[in-house]
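Welcome, and please open your viewer so that we can walk through this structure together. Each stop tells you what to select and what you will find there.

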Amino acid sequence: MLGLAMLLKPEILCKIENIFTVKNGEPTDLYLTLMRLGGIFFIGAGIVVFVVSFI
């Protein structure tokens with residue numbers, strides 16, 4: 001679930017992460033790219049763990 005959120009809506013996660021520290025802050029392109037890469041990693045890791053648990 002977190003991986004999908006990181007991949008599809010990293011802007012929302014940035015707002016949640018910085019809700020009390022930054023007012024009207026916008027995420028940088030680097031932040032969005034790294035969040036999407038992290039999302040891909042988490043989705044892949046979840047699939048691997050799911051498959052390995054049945055072996």
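The tour below starts with the whole chain and ends at a single residue.

**Stop 1: the whole chain.** Please keep in mind that this is a predicted model. Show the protein chain as a cartoon and you will find three helices and zero strands. Followed from the N terminus, the elements read α-α-α. The radius of gyration is 14 Å, well over the 10 Å that the globule rule gives for 55 residues, so the chain is more spread out than a compact globule. Switch to the C-alpha trace, and its spans along the principal axes are about 50 × 20 × 15 Å.

**Stop 2: the surface.** How much of the chain is buried? Buried residues account for 20% of the 55 residues.

**Stop 3: the charges.** Next, colour the charged side chains. The protein chain carries 4 positive and 4 negative ones, and 6 Å separates the centres of the two sets.

**Stop 4: a nonpolar patch.** Select Ile47, Phe50, Val51, Phe54 and Ile55, which form a nonpolar surface patch of about 620 Å². Which helix holds Ile47? Ile47 lies in helix H3, which covers residues 29-53. Is Ile47 buried or exposed? Its relative accessibility is 51%, and because exposed means over 50%, Ile47 counts as exposed.

Key: Residues are numbered from 1 along each chain as its sequence is written. This is a predicted model: local features need pLDDT of at least 70, side-chain atom pairs count only at pLDDT 80 or more; totals for chains, interfaces and linings use all residues. Side-chain values use heavy atoms; hydrogens and water are left out. Patches are made of residues with over 30% relative accessible area and no salt bridge: like charges are joined within 9 Å, nonpolar side chains (Val, Leu, Ile, Met, Phe, Trp, Tyr) within 5 Å. Accessible areas come from the Shrake-Rupley method with a 1.4 Å probe; for residues, only the protein chains shown count as cover. A salt bridge is a side-chain nitrogen of Lys or Arg within 4 Å of a carboxyl oxygen of Asp or Glu. Helices (H or I, at least four residues) and strands (E, at least two) are DSSP runs, numbered from the N terminus. Buried means under 20% relative accessible area, exposed over 50%, partly exposed in between (1.4 Å probe, protein chains only). The radius of gyration is taken over C-alpha atoms; the globule rule is 2.2 Å times the number of residues to the power 0.38. Lys and Arg count as positive and Asp and Glu as negative; His and the chain ends are not counted. The place of a charge is taken as NZ of Lys, CZ of Arg, CG of Asp or CD of Glu.
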